Amino acid sequence: MNLARLVGVAALLALAGCSQGTPAAPSAPPPSPSLAAASPTAAVPPKFASGDVRISLVRQLSSGDYFEQWLAGAQAEAKALNVKLEISSGDGNNDKQALNLEQAVTGKADAIIVDHGFAQTVQPAIKKAVAAKIPLVAFDVDPGTAEAVTLSQDDHQIAEQALGALKAETGGSGEVVYVYVAGFAPLDRRNETWEQFKKDNPAIKQVAQIGVVNSSTASAVADQAKAALQAHPGVKAIFAPYDEFAKGAALAVKELGLAGKVKIYGADVSTADIGVMTEPNSPWVATSATDPANVGRVAVRAAALLVAGEQVGRALTVPPSLITQKGLRDAGITGVEQLTRAFPGLTTPDVARVPWAAP
Ligand code: SR1
């Protein structure tokens, strides 16, 4: 076999495994080069050794699988780095989040992580943090200043991966229900990709837009999705790029007896989501996701590096993987732990690596 043919075969194998999201069987993968070089390369800074570092985590939202897993990762990393993580949540109340942020600034945290939030409510207090020289990591929110480190998942890629699956399985035409709420930075970025996707694929018709974010997002979206599907019986697909949206949409499709006719393309993953995706007749066929616990870990590592005066890139991005129902079923994956073994790319030890700690 000549070299060109070998390369062609390798590319085909990669496509079968990656673009369709079929994970490798969950056997122990060989250590990645980054994990192989896992030993600390620097001494622990004294303030970390004495346990005197306080990082304030100021959240907009805390309920739902994504936010719970993210917090578990952040807490695990804080423990590993001997950092006190002081956690507050606005529980969806933006004024409460802004107040919590003001308190983190006046309380002189060593660093602050702002986790989601609306630009107009968090930016005034972020300015105060910058003026007070408190290092700040902004996850999924526009800090309005180049002084802060931003952290995001690659939201355009998340939408591209899910929409790639939608296009492949619908043949690039048909009626689609879209789930979206404006104002949340990750959803706004995914929306940019959706808007472009519709321009590039004029035979895809958005017949309804629904969406709500609150403490019971999935059930609220289920009610809205039912109404949309009843009003538009020709719908083939739902683009629901947030797992609470996708879970709600799945419930609606099941309750209306439309499984087999309407497919769901989502974002995010959790053990509960994997359960929904793999149950018999599930309409949720693909999701593009990072490991939220890994992202929470990255946020705390970035904040710790800033406290130690280390260099951190100004914009950190965690890439997603496409996970399909078929891939999960074929590999017998039932939970996130198995998933992260099957997709080593979901763990990103090189993003904000802390030189004094093992990743
Ligand atoms: C309401 S915003 C929800 C999104 O935030 C995170 O980026 C997750 O991926 C989730 O989809």
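A: With a relative accessibility of 64%, Ala131 counts as exposed; the term means over 50% relative accessible area, against under 20% for buried and anything in between for partly exposed (1.4 Å probe, protein chains only). The model is predicted, so local features need pLDDT of at least 70 and side-chain atom pairs count only at pLDDT 80 or more, whereas totals for chains, interfaces and linings use all residues. Residues are numbered from 1 along each chain as its sequence is written, and side-chain values use heavy atoms, with hydrogens and water left out.

Ala131 belongs to helix α6 (residues 119–131); helices (H or I, at least four residues) and strands (E, at least two) are DSSP runs, numbered from the N terminus. The C-alpha atom of Ala131 is 9.8 Å from that of Val105, 26 residues away along the chain.

Lys96 is bridged to Asp91 at 3.1 Å, N to O, and Lys96 is partly exposed at 36%. The whole structure holds 18 salt bridges.

Turning to the strands, β3 (residues 111–115) runs parallel to β4 (residues 136–139), and four bridges join them; strands pair if DSSP finds at least two bridges between them. Within this pair, Ile112 stands opposite Leu136 of β4. Both strands belong to an open, parallel sheet of six, ordered β2-β1-β3-β4-β5-β11. The edges are β2 (83–89) and β11 (315–318), each of which has a single partner strand, so one side of each lacks a neighbour in the sheet. Neighbouring strands are turned by 20° against each other on average, direction ignored.

As for confidence, the protein chain averages a pLDDT of 91, and 89% of the residues score at least 70; pLDDT is the predictor's confidence in each residue, from 0 to 100. Confidence is lowest in helix α1 (residues 3–18), at a mean of 29. Where pLDDT is low, the predicted coordinates should not be read in detail.

Key
Axes fitted to C-alpha atoms, helices over the stretch in contact; angles between N-to-C directions. Salt bridge = Lys/Arg side-chain N within 4 Å of Asp/Glu carboxyl O.
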